[in-house]
Structure formats: C-alpha cells, structure tokens
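Work through the exercises below with the sequence and the structure open. Each task is followed by a worked solution.

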Amino acid sequence: MASTARKKSTPKAVDSPFKNFTPYKPKKNEPYMSEAQMEHFREILQKWRQELMEEVDRTVHHMRDEAANFPDPADRATQEEEFSIELRTRDRERKLIKKIDQTIDRIDQEDFGYCDTCGIEIGLRRLEARPTATQCIDCKSLDEIKEKQLHGPLHAGSLLAATASYLDARSRGDSWLLRIDDLDHFRIIEGAESAILRSLEAHGLQWDGPVLRQSERIPAYEAALAQLGEDDRLFYCNCSRKALRELPIYPGTCRSQRRPREDCALRVRVDDAEIAFTDLIVGPQQERLGEAVGDFIVRRRDGLIAYQLATAVDDGEASISRVIRGGDLLDNTARQIFLMEALQLTVPSYGHLATLVYPDGAKLSKQSHAPGLDDASASANLADTLRRLGLNPPAGLSGAEPAELLSWATGVFDLSALSAVDVIYRH
Ligand SMILES: [Zn+2]
Ligand SMILES: [Zn+2]
C-alpha cells in the first residue's frame, strides 16, 4: 500500500509586488515612522519605481521594433490588438509610477504611514505589502463594501432573466409586468426595491403598469390558504427541523393534524399528484410530487407565507400568460402548478432560461457573490446579455443606448430558439 505525504507549504514572508527588501525590524521603543522607517519605505518605493521604469522602456522598445518590421498585412489586426494590450499595460504602469511619486512626496513631508480616513497607524507590515496604501485595512475594506453597494442590485444572471422575459413580452406585443418578491421581509434591505427599479430603468427595461409587491398581497394568500383548508388539503406540522434534517423528503408524520394548532407550519398534502408541463425552452417536464418533494410548507411556523404559495397565487392570475425566469426555478414549477390547479387558477406557460455559470460550473447568484452590475455601463451590460441570449447586435449598434439595443433585439428575439444549456459567464 502506498502512502502519500503532503508537502508542508512555507508561508510567504510578505505578499508584496517586489521581493528585494528585508522586512523592517523596529528597535525597542522605536517610535512609529522613525527616520529609519521612513528611509526604509523610501528605498522600497524607489526600487519599485526603477523596476517599473525599466518595464515601460522595454514595452516601448518592443512596440517600435514590431512597428518597424511590417509583417503580412493580414497580421496587422493581431498586431494592433497586441499593441493595444501593451498600451494598456503601459498606462497602468504610468499610473502606478505617479502614485509612487506621490507617496515619496508624502514621505518627504513626513506625512506617511497614517490612515487618511481615520488617522490610525497603517502599520509596517501592511505598508511593506502595499507601500502606496493611504488607508488602514479596516477603512479600505469598508470603502470596498460601500463601493460594491453603489453598484447595482442586478447581477449578470438576474439581468439575463429580466431581459429575456422583457423581450419575450415585447416581441409578442404583451405587457411586461414587474413584481417584487418581498415576502421574506427579514431579507429586505432598506432601499433595495428602489435600487432594483433604478437599475432596470437604466438598462432600458421599462415595465407596464404599477409594480406589484407580494408584501401587499397577504389577504389574497390567506384567502388561498382558507380555500385549501376547506378542501381538506392542509395539515398542521410541528416536526422540529432537527427531526426532519436527515430525511430526503417529508415523511407525512403530522398528516392527521387537521385542526389549527399553535406553533405549527402549514403543509399541503400532495398525495399521488403527478404534474406534467412543457417548458417553452427546456421541453417536457414531469414530476411526481410525493416522490420528489413530499407534502410541502405553504405557511411557515413563524406565520410567513411560503414563496411557493404566494408565487402560485400571483402567477395564476388569469391575465398572466407567460412566466419567463431563471433556470434555477425550474424545480419549483411543479409545486406551483399543483397549487394553481388545487386553487382552480389559470396555469401560465413557463420558460426557464439557461443558467449562467462560472467556468467551474458554479451558479451565478447573490449567494455566490456575483458582482453587482454598474448602471453606468448599462449599454455594455446589455450587449453582453444579448450575446448570452444568442443575439449579436450589429456593429452599427456598438455603444448604442439600451433602448435602441432593446428595440433591435425585440425584432429578432425568438424564445423557442433559446438553448437550455448552461451559459459560461466570462467577465
Ligand atoms: Zn482607517
Ligand atoms: Zn410534521
């Protein structure tokens, strides 16, 4: 039998862009940013600057050599592309050099090593890793969080679903309705709704009529629950989460508890229901609820209406013809259709989009911290989204306003041409 040993990894001394210095060891009682420490950082910065200058020189020389020696004209495009990458690298290096110069100036003025925001010491080790840092690690992280929040609440996956649903409605001459699923009020962040609306508008996705909110529809959901209760489909479940954790589906323990009881969740009996539907994109679907999910919760123990029930009631409105949404919701659909049928509501047609995944297969979602889209680059975001839907905006539309892109896309969009295969997200 062979055995393997894991190599011990040696910890890196400092995570620094350059390695040609010895970490500074302050003497006993040496004050922070003593003359010697200032000198230490000045040296690091100057060495770094020198390296960057040499790199810039190399880039310039390289570009001159290439330009002087014209290859086949067919290679010109490639060459120009390479040049533009090098130009960008050079630009980055120039900016860095400027920042280094500013930092050296600050050392000269003995205004170095303290956080610009809160005034505390940035610290020797952090400065050795980032000699141009002007903030302590806490203030820096806080700023980064704030900046993330400034970026819109939509990520590439939610924009994809919204755009496809919008184009489907517009290309069929239907209205496009917007609903905020805000039942789980504990998860609602102040201002989240207005941020979503702003972001949709920035991307040209203008909805029809008033915005619907699930939080304002509780009476409709309670009425649906009452109807299911009258039809003797509900029961009161007080199984603990712990008791159910190990089980794949709910085993029906409390099915006989038909009378209202305190501190219970409400579940709906699925019996031997079998739901079949044909998804507009994914194709025929079939699910035996008893085997796939079991009796499921329609009102939580804390009184909150379950998402499945609320969504079934809302989407079951006679005026809703099509629900186009993210592929991650496909496995909710059978439960929602089951409830719609039990409540004698109108079942709409469903289309579940391909899921946007990272190259490693992980789904893009809020949970996986998909980056928020910047409304300031709405046109570019939208063009990316259209390409993910298989639509390639013509060259004439490059840089066009969102409304123009959408109006073009409405003319060529065809939901039935969409594929259900995962789309790889590359940024
Ligand atoms: Zn600070
Ligand atoms: Zn139970």
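**Exercise 1.** Find the residues through which helix 10 and helix 11 meet, and classify them.

Solution. On the helix 10 side, take Gln308, Leu309, Thr311, Ala312 and Asp315; they meet Arg335, Gln336, Leu339 and Met340 in helix 11 (contact: C-beta atoms, placed from the backbone, within 7 Å; helices: DSSP runs of H or I, at least four residues, numbered from the N terminus). Sorted by class, this contact has four nonpolar, three polar and two charged residues.

The model is predicted: local features need pLDDT of at least 70 and side-chain atom pairs 80 or more, whereas totals for chains, interfaces and linings use all residues. Residues are numbered from 1 along each chain as its sequence is written, with chains lettered from A and ligands numbered from 1 in the order in which they are written.

**Exercise 2.** Describe how helix 10 (residues 307-315) and helix 11 (residues 333-342) cross.

Solution. Their axes come within 9 Å and cross at roughly 60°. Helix 10 is therefore oblique to helix 11 (under 35 degrees is roughly parallel, over 145 roughly antiparallel, 65 to 115 roughly perpendicular, the rest oblique).

**Exercise 3.** Repeat the analysis for helix 7 (residues 218-230) and helix 10.

Solution. The axes come within 10 Å, crossing at roughly 100°, so the two helices are roughly perpendicular. Ala220, Tyr221 and Ala224 in helix 7 meet Leu309, Ala310 and Val313 in helix 10. The contact comprises six nonpolar, no polar and no charged residues.

Conventions. Axes fitted to C-alpha atoms, helices over the stretch in contact; angles between N-to-C directions. Contact = placed C-beta atoms within 7 Å. Nonpolar A, V, L, I, M, F, W, Y, C, P; charged D, E, K, R; others polar.
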